[in-house]
Amino acid sequence: MFLKNKTVLITGAGGGLGRAIARACAENGANLFLHCRERDKDILAFARQLKEYGGEVKIVGVDLLQSDSIDTLHQAVVSKQYTIGAIDVLINNAGVKSFQKEFPLVTQTNWIWCMNVNARIPFFLCQRFIPDLSVNKGAIVNISSLSGHMPRGRSIDYAMSKAALDIMTRCIAKEYPQVRVNAVSPGYVDTPMVSEKTRSKDPAPYIAKPEEVAQLIMWLLSPDAAHVTGEVIPYIGIHELEDLKVKYSK
Ligand SMILES: NC(=O)c1ccc[n+]([C@@H]2O[C@H](COP(=O)([O-])OP(=O)(O)OC[C@H]3O[C@@H](n4cnc5c(N)ncnc54)[C@H](OP(=O)(O)O)[C@@H]3O)[C@@H](O)[C@H]2O)c1
């Protein structure tokens, strides 16, 4: 219960990985702010389940691409702080996938969309929440991707956005030693973001379960990782390790 009396904000908490992270945090005693695009009945039902672990659970519905999304999210969290305490942990999990186009076909709209959701929003959320996190000696975990350091083909827009997230993680960690700032960089994870074709492949060891990635995040947030900051930690399968070896042997 190392997250008891700690408050965690998770963006994209209604998605595949977001739900697994939220559940793992709740199991460890956290109070939660679940960010999602809309407060629909699905997320309300999920929040009710999480409340059974004993912590407070609040939902903040905001489209991150709205021009005032950072202010709206921050205001919502700050105004509820009186009931569930200041933020100790920010998990930048919301993300969008690549448009899966070859380099010459990627449009400015595609590129900007990926960079906006996957890099710009986490950047400004970190900037907005870092004063609270500094006071609380808190932590940030950014959800990156193996794509950020390994070319996979037809995903240059996504890959660039995750590479930006990785270097942002290291820069903020260096500037704010009082906050632990790390990223987790999975290969394929079994969530709606991944195509049915990939998800239908042999699940072990081809594709990770969201719960496994969530456990890595729990370790990062735990006292066992008190020394760890500025890291981008991969969570990849054996087939992806082979791809990496090919890359580094060139
Ligand atoms: N699945 C993988 O193989 C994999 C691998 C490496 C890294 N990741 C990263 O893991 C993170 C979670 O992805 P996932 O796999 O769990 O996919 P997912 O189920 O599609 O979750 C992504 C979440 O982000 C939210 N989101 C996207 N754009 C938003 C916006 N403009 N406003 C508000 N919310 C927005 C989505 O909300 P809506 O559902 O409303 O759109 C969704 O809840 C992402 O950062 C992704 O890049 C995934």
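Two residues are in contact if their C-beta atoms, placed from the backbone, lie within 7 Å. The model used here is predicted: local features need pLDDT of at least 70, side-chain atom pairs count only at pLDDT 80 or more, and totals for chains, interfaces and linings use all residues. Numbering starts from 1 along each chain as its sequence is written.

**Exercise 1.** Work out which residues of α4 meet α5, and how the two helices are oriented.

*Solution.* Let's begin with the elements: helices are DSSP runs of H or I with at least four residues, strands are runs of E with at least two, and both are numbered from the N terminus.

Step 1. On the α4 side, the contact includes Trp111, Met115 and Phe123, while Tyr158, Leu165 and Ile172 are among the α5 residues.

Step 2. The residues of this contact divide into 13 nonpolar, 3 polar and 2 charged. Here Ala, Val, Leu, Ile, Met, Phe, Trp, Tyr, Cys and Pro count as nonpolar, Asp, Glu, Lys and Arg as charged, and the others, Gly among them, as polar.

Step 3. Helix α4 (residues 108–135) and helix α5 (residues 156–175) pack at about 15°, with axes 8 Å apart. Axes are lines fitted to C-alpha atoms, for helices over the stretch in contact, and angles run from 0 to 180 degrees between N-to-C directions.

Step 4. α4 and α5 are therefore roughly parallel to each other, a label for angles under 35 degrees.

**Exercise 2.** Find the strand order of the sheet and its edges.

*Solution.* Step 1. The open sheet has 7 strands in the order β3-β2-β1-β4-β5-β6-β7, with parallel pairing; two strands pair if DSSP finds at least two bridges between them.

Step 2. β3 (57–61) and β7 (232–235) are the edge strands, each pairing on one side only.

Definitions and conventions: Angles under 35 degrees count as roughly parallel, over 145 as roughly antiparallel, 65 to 115 as roughly perpendicular and the rest as oblique.
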